[in-house]
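Thanks for coming. I will go through one chain today, element by element, and say how each term is defined when it comes up. Please have a look at the slide.

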Amino acid sequence: MKRIITIGREFGAGGGALGRRLAEELGIAYYDRDIILRTAKASAHLTPEQVRQWDEKVPMEFGFTQSLFNFYSRPLSEELWDAQVKAIRELANKESCVIVGRNADYILKEYDHCLRVFVHADRSWRLLRMRTEMPDTPLSVLESDMDTADRARRAYCEKMTGRTYGDCRNYDLTLCTSSLGMEKAYQLLKEAAEIV
């Protein structure tokens with residue numbers, strides 16, 4: 001039986017690491033940033049660079065201006081979204097997999113055998129974890145990157161899905177890695193994935 005696990009996450013909370021480990025242990029595919037290339041391939045008009053630049057962000061500069069100056073062209077944000085939806089659904093239709101980010105929980109909301117997970121943690125814990133992962137990066141840069149990523153993901157989710165990012169009602173399971181620790185969070189994730 002095919003199983004899909006989607007993982008939404010706050011920056012630095014460890015959602016990607018948990019998803020990667022789960023995919024390895026279950027022997028299924030793992031998708032995160034590689035969806036960028038699939039998204040570009042799903043659209044005749046987008047380059048991988050455009051998709052990478054606006055990954056999980058609302059491209060305000062393009063969307064409003066583009067629709068103002070070219071009435072018949074769709075805003076870039078809509079084209080990116082449609083291409084991403086197509087790429088994610090193709091993956092879910094093809095094989096069992098773990099998909100991290102990109103609002104996959106919403107895109108695959110009608111799919112059976114899909115576990116929707118959100119991973120979050122306290123701000124200070126996330127900063128310390130990222131400091132361990134990237135020891136040469138100044139704390140102020142990590143803090144700025146974390147705020148920027150969280151803000152962009154929140155805005156993107158709300159604009160494209162109409163949902164509040166991280167709202168527990170949108171998920172089957174939420175994991176607080178700062179309270180549970182990475183190992184306990186992983187064990188809970190694995191147990192839930194095995195019963196989907």
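Before going on, the ground rules. This is a predicted model, in which local features need pLDDT of at least 70 and side-chain atom pairs count only at pLDDT 80 or more, while totals for chains, interfaces and linings use all residues. Residues are numbered from 1 along each chain as its sequence is written, and side-chain values use heavy atoms, with hydrogens and water left out.

Now the overall picture. The chain has 10 helices and 5 strands. Helices (H or I, at least four residues) and strands (E, at least two) are DSSP runs, numbered from the N terminus. Of the 196 residues, 48% count as buried. Buried means under 20% relative accessible area, exposed means over 50%, and partly exposed is in between, with a 1.4 Å probe and protein chains only. Cys114 counts as buried, at 7% relative accessibility, and Cys157 is buried too, at 4%.

A word on contacts, meaning heavy atoms within 4.5 Å. Counting contacts between residues at least 6 apart in sequence, 70% join residues at least 24 apart.

Next, the sheet. In what order do the strands of the open sheet come? The order is 2-3-1-4-5, with parallel pairing. Two strands pair if DSSP finds at least two bridges between them. At the edges are strand 2 (29-31) and strand 5 (173-176), each of which pairs on one side only. From one strand to the next, the twist averages 20 degrees. The angles here run from 0 to 180 degrees between N-to-C directions, and the axes are lines fitted to C-alpha atoms, for helices over the stretch in contact. As background, strands of a sheet pair through backbone hydrogen bonds, either parallel or antiparallel.

Let me walk across it in that order. Strand 2 and strand 3 pair over 3 bridges, and Tyr30 has Val98 of strand 3 as its bridge partner. Strand 3 is joined to strand 1 (residues 4-9) by 4 bridges. Across that pairing, Ile4 stands opposite Cys97 and Ile7 stands opposite Val100. Strand 1 is joined to strand 4 by 6 bridges, with Thr6 opposite Arg116. Strand 4 and strand 5 pair over 4 bridges, and there the partner of His120 is Cys176.

What about the two faces? In a regular strand the side chains alternate between the two faces of the sheet. In strand 3, Cys97 and Ile99 point one way, Val98 and Val100 point the other way, and all are buried. Strand 1 has 6 of its 6 residues buried.

Now helix 7, which covers residues 123-133 and has Arg126, Leu127, Arg129 and Met130 buried. Why do these buried residues line one face of the helix? Seen down the axis of helix 7, they fall within an arc of 165 degrees, so they line one face. The arc is that of the directions from the helix axis to the C-beta atoms. What do they pack against? Their partners are helix 1 (15-26), helix 8 (139-161) and helix 10 (182-195). The face turned away from the buried side carries the exposed residues Ser124, Leu128 and Thr132.

Two loop residues next. Asn103 has a positive phi of about 55 degrees although it is not a glycine. Asn103 lies in the loop between strand 3 (97-100) and helix 6 (104-107), and at 8% relative accessibility it counts as buried. His113 also has a positive phi of about 55 degrees without being a glycine. His113 lies in the loop between helix 6 and strand 4 (114-120), and is partly exposed, at 37%.

Last item, Lys86. This residue lies in helix 5 (residues 76-94) and is partly exposed, with a relative accessible area of 44%. The C-alpha atoms of Lys86 and Ile107 are separated by 9.2 Å, with the two residues 21 apart along the chain.
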